[in-house]
Amino acid sequence: KVAQSRGVPDQHLQKLRDQIEFIKLGRDLEDEELQKANELTVESTRRFVASCFGGRSIMHVASSGKRVQALCYLDPAIREIKVVEAQNNAQVCCIPLMRAQACAATL
């Protein structure tokens, strides 16, 4: 309605509507796109694991809601993941990697 009130031709609006429908429906990835996605996933995983061996800097949200700078470590056998506060090395948590689950949050 806003576009029509501003004089956008129906032909342009229809093209936009068609594109929106295409995006909504989604599509299967092509073989080349699947291969590229797999390569990116493998490379990202390798970088993450390598950074955790030395202590990967992360932001931990304490039970109080306060954000605390922390370090994430993986043991050399890649069996446990540990998080410690960066300032005082106080352990926040240590769990078997097989039990760990990812979560994402916006800051």
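**Ground rules**

Before going on, I noted that this is a predicted model, where local features need pLDDT of at least 70, side-chain atom pairs count only at pLDDT 80 or more, and totals for chains, interfaces and linings use all residues. I also noted that residues are numbered from 1 along each chain as its sequence is written, and that side-chain values use heavy atoms, with hydrogens and water left out.

**Strands and hairpins**

I needed two terms here. Helices (H or I, at least four residues) and strands (E, at least two) are DSSP runs, numbered from the N terminus. Two strands pair if DSSP finds at least two bridges between them.

I started with strand 1 (residues 56–61) and strand 2 (residues 67–74), which pair antiparallel over six bridges. In this pair I found H60 opposite V68 and V61 opposite R67. The two strands make a hairpin with five residues between them, and G65 in that turn has a positive phi of about 95°.

Next I followed strand 2 into strand 3. They run antiparallel and five bridges join them. L74 stands opposite I81 of strand 3. This is a hairpin with five residues between the strands, too, and I78 sits in the turn with a positive phi of about 55°.

Then I went on to strand 3 (residues 80–85) and strand 4 (residues 91–96), an antiparallel pair joined by five bridges.

I went back to I78, in the loop between strand 2 and strand 3. Its phi is positive, near 55°, and I78 is not a glycine. I wanted its accessibility as well, so I wrote down the scale: buried means under 20% relative accessible area, exposed over 50%, and partly exposed in between (1.4 Å probe, protein chains only). I78 has 38%, which makes it partly exposed.

What does I78 contact once its neighbours within four places in sequence are left aside? I found V49, F53 and L97, with contact meaning heavy atoms within 4.5 Å. I checked C93 too: I78 and C93 are 15 residues apart in sequence and 16 Å apart in space, C-alpha to C-alpha.

N89 is in the loop between strand 3 and strand 4. N89 has a positive phi of about 60° without being a glycine. At 55% relative accessibility, N89 counts as exposed.

**Cysteines**

How many disulfides are there? A disulfide is a pair of cysteine sulfur atoms within 2.5 Å, and by this rule I got zero. C52 is buried, at 0% relative accessibility. C94 is in no disulfide either, as the nearest cysteine sulfur, that of C93, is 7.4 Å away. C94 is partly exposed, with a relative accessible area of 32%.

**Charges and rings**

I searched the whole structure for salt bridges, meaning a side-chain nitrogen of Lys or Arg within 4 Å of a carboxyl oxygen of Asp or Glu, and found one. It links the side chains of R47 and E43 at 3.9 Å, N to O. R47 and E43 are four residues apart in helix 3 (residues 31–54), so about one helical turn separates them. E43 is partly exposed, at 37% relative accessibility.

A charge sits over a ring if NZ of Lys or CZ of Arg is within 6 Å of the ring centre and within 35 degrees of the ring normal. I found K82 over the face of Y73, at 5.8 Å from the ring centre.

**Last stop: G54**

G54 lies in helix 3. With a relative accessible area of 60%, G54 is exposed. I also looked up G54 and I95: they are 41 residues apart along the chain, and their C-alpha atoms are separated by 18 Å.
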